[in-house]
Amino acid sequence: MGNSVLDGRSSAVRSGGTITKFYTSTAWVEGRAEQQLEQVAGWPGVRQIAAFPDLHPGKYGPVGCTILADRIYPQLIGNDIGCGMSLFRLDLPVRKFKMEKAVRRMRVLSAPFSGSTRHRFEQAGFAPDLFATSLGTIGGGNHFCEIQTLAECDADLDLDKSALYLLVHSGSRGLGNAVLGAVPTGAFSGMDPDKIASQDYVRHHDTAVLWASLNRQIIAERAGEALRTDLELIVDAPHNLLTQECGGWLHRKGAARAVSGLVPLAGSRATPSYLLRPAGHPDALLSTAHGAGRRYDRSSMHGRVRAKRSDIEAMQRTSFGGRIICEDRDLLIEEAPLAYKSSLSVVADLDTMGAAKSVAQFHPLLTFKKTREGGRS
């Protein structure tokens, strides 16, 4: 774990891009993640990096940061382009929620979306066959659709504690992977934004971001239909994307775009989720943390968690009295609460370092991840 600390109001003086760390000395941040920060800061054209307390190592660079550069680095966004979180208010009171009935009904999310995509695709300007069979599906890994209760909120928010909420975390499925796979040889060394290849990448990237947002909307609509309730979008915040802002190109990897006033931050099954209000810190690069962030990678979790039947059954319950629909044993282990940092600590660091403040706290009630018929993806 790295204990290097910088005040969130200052940046490191170093060759290459400056790094501002929005986390304290008590944050659980691996040394390897900080090494990746230093490496990326030295890449050509990188000017500035904002690192958040959910920081952890990634395949091509650290996850939980935003990088401002003069060049475009597709690998910093990764293959799940447009992945993000959407928070909805359900027209369903907590008092009317029936757990067993909801568990049965939410299983519909394992099946492919059977509704028509034609009108939605036409509105978005998508080709009619643009990964249409994947639309409305969650995917694997840390993606989920979760019914939540509102535990705390600021008085100025128009949120009702008697109502239920829905948090959807998903991305562009196979589309983002196809976009990354199509970049030309040498793109990972940095693409000149003025070149045709870069403009092609940006165009396809932007399509994947829109597709991912629509995917979350349809997942939520499917859940609402299953629960026999209407829903209303509160905020949609992508956290894997490229935007032209701050006088350059912002590469967000596991860092939520903080321009709409509110940003969801996902907890683990053992810690709450939050709604954040970004503080507008200039060195935060219009971004903030998106979740608790991993403490341990997926492979190492298989040696850290017991896998007896009783342990697996226990992992399908939360410390808040909620339930988890996940019938994939390996996925349950890889996504166990131990795999993640404490969202409470992440939010506390964001507040201390002047990046964002919590304005609402949510507890997981029913989390859908995967059923047997859903397979692995």
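**Charges and rings in a predicted model**

Me: Is Arg323 buried or exposed?
Reply: Happy to start there, keeping in mind that this is a predicted model. Arg323 has a relative accessible area of 17%. Buried means under 20%, so with its 17% Arg323 counts as buried.

Me: Which side chain meets Arg323 in a salt bridge?
Reply: Good follow-up! The N to O distance of this salt bridge is 2.8 Å, and the partner is partly exposed, with a relative accessible area of 45%. The side chain that meets Arg323 is that of Glu100.

Me: Where does Glu146, the salt-bridge partner of Arg269, lie?
Reply: The side chains of Arg269 and Glu146 meet at 3.2 Å, N to O. This pair links distant parts of the chain, 123 residues apart, with Arg269 in the loop between β11 (263-265) and β12 (273-278). Both Arg269 and Glu146 are buried. As for Glu146, its place is strand β5 (residues 144-153).

Me: What kind of pair do the rings of Tyr60 and Phe188 make?
Reply: For a pair of aromatic rings, we look at the distance of the centres and the angle of the planes. Here the centres of Tyr60 and Phe188 are 5.1 Å apart and the planes stand at 75 degrees. Planes over 60 degrees apart count as edge-to-face, so the Tyr60 and Phe188 pair is edge-to-face.

Me: Are Tyr165 and Phe362, another ring pair, buried or exposed?
Reply: Their ring centres are 5.4 Å apart with planes at 65 degrees, so Tyr165 and Phe362 are edge-to-face. Tyr165 sits in strand β6 (residues 163-170) and Phe362 in strand β15 (residues 356-370), 197 residues apart. Tyr165 and Phe362 are both buried.

Me: Is Arg104, part of a positive surface patch, buried or exposed?
Reply: The patch is formed by Lys98, Lys101, Arg104 and Arg228. Arg104 is in helix α3 (residues 99-106). With a relative accessible area of 56%, Arg104 is exposed.

Technical notes: Residues numbered from 1 in each chain as written. Predicted model: local features only at pLDDT ≥ 70, side-chain atom pairs only at ≥ 80, totals over all residues. Heavy atoms only, no water. Patch = residues over 30% accessible without salt bridge, like charges linked within 9 Å, V, L, I, M, F, W, Y side chains within 5 Å. Areas by Shrake-Rupley, 256 points an atom, 1.4 Å probe, with all protein chains shown as cover. Salt bridge = Lys/Arg side-chain N within 4 Å of Asp/Glu carboxyl O. Lys, Arg positive; Asp, Glu negative; His and termini not counted. Charge placed at Lys NZ, Arg CZ, Asp CG, Glu CD. Helix = DSSP H or I, 4+ residues; strand = E, 2+ residues; numbered from the N terminus. Buried < 20%, exposed > 50% of the residue type's maximum accessible area, 1.4 Å probe, protein only. Phe/Tyr/Trp six-rings, centres within 6.5 Å; stacked < 30°, edge-to-face > 60°.
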